[in-house]
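Here are my notes after a pass through the model. Keep the viewer open while you read.

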Amino acid sequence: MPEGRAELDPAVLELLSAPAPQVAPRLLGAVLSTTGAEGRVALRITEVEAYGGPADSDLPDPGAHTYRGQTARNSSMFAAPGHIYVYFTYGMHHAVNLVCRPVGSAGGCLIRAGEVIHGQELARRRRAARRSTAVADVALARGPGNVAQALGLTLDHDAAPLTADPQEPGVHLELGDAVEAVTVTARTGVSGPGGDGESFPWRFAVTGDPTVSPYRAAAPRKGR
């Protein structure tokens, strides 16, 4: 087994080995945490989106970074389950995904929101560094950019393996009990075929949870 993953919870590896649309709803209620020199921040996941693979794969997803094949930017999405994929978007935000499926298959789950249950003050300081006003507890990790910021994740963490111990430096995932009430929609802001909610109902959120980000459909593409 690859270095850094030998002691991972077998249930975590088993789950992440499945296709992302199966993994995503099971991640609701799980705890994702980071531990580093500043301390530890943990959040209970409340909103997730699933993403598939290239056009020629068994799970083609026109809304995924992987759709046109492997590149330097998205190579982590083709890694083994039990790793993370971090990317930088809109020139200002990082976002974190849990990589799914066996090596080379490509897929992942974007963590869109969560409830910070440990390390609130550290998460608040990280968020305050880019804001002029205080951040409410329910908004500390609402939205994928805020998730990465609260957890302190940047491109430096791309391709990092999950750790076996939440106190060990790095990123840790602990599964929780299944969530009973789940809201399922199209993915937020995904345009084109990948934004079709009937074909890709791949956004999953804990129904009624205040930390879930507002759903926003993609803006219609303008004609040339």
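1. Along the sequence, the pattern of the chain reads α-α-β-β-β-β-β-α-α-β-β-β. That comes to four helices and eight strands, where helices (H or I, at least four residues) and strands (E, at least two) are DSSP runs numbered from the N terminus.

2. Before going further: this is a predicted model, where local features need pLDDT of at least 70 and side-chain atom pairs count only at pLDDT 80 or more, while totals for chains, interfaces and linings use all residues. Residues are numbered from 1 along each chain as its sequence is written, and side-chain values use heavy atoms, with hydrogens and water left out.

3. Confidence first. The chain averages a pLDDT (the predictor's confidence in each residue, from 0 to 100) of 92, and 93% of the residues score at least 70. Residues 1-6 stay under 50, and the model has ten contacts for them beyond four places in sequence; contact means heavy atoms within 4.5 Å. Where pLDDT is low, the predicted coordinates should not be read in detail.

4. On overall shape, the radius of gyration, taken over C-alpha atoms, is 16 Å. A compact globule of 224 residues would be near 17 Å, so the chain agrees; the rule is 2.2 Å times the number of residues to the power 0.38. Buried residues (under 20% relative accessible area, 1.4 Å probe, protein chains only) make up 49% of the chain. Of the contacts between residues at least 6 apart in sequence, 63% join residues at least 24 apart.

5. Now the largest pocket, which holds about 880 Å³ of space. Of its 33 lining residues, Tyr87, Tyr90, Thr188, Gly189 and Val190 are the closest to its centre. A pocket here is an open set of points on a 1 Å grid over the protein atoms alone, where a 1.4 Å probe fits, with protein on both sides within 12 Å along at least five of seven lines; lining residues have an atom within 4 Å of a point. Strand 4 (93-99) is one of the elements that each supply at least two lining residues, and its four residues are the largest share.

6. Finally, is Val31 buried or exposed? Val31 has a relative accessible area of 16%, so it counts as buried. Val31 belongs to strand 1 (residues 31-36), and its contacts beyond four places in sequence include Leu43, Ile117 and Leu173. Pro166 is 135 residues from Val31 in sequence, yet their C-alpha atoms are 9.9 Å apart.

Key. Grid points are joined across faces, edges and corners, and a volume is the space filled by probe spheres set on the points. Buried means under 20% relative accessible area, exposed over 50%, partly exposed in between (1.4 Å probe, protein chains only).
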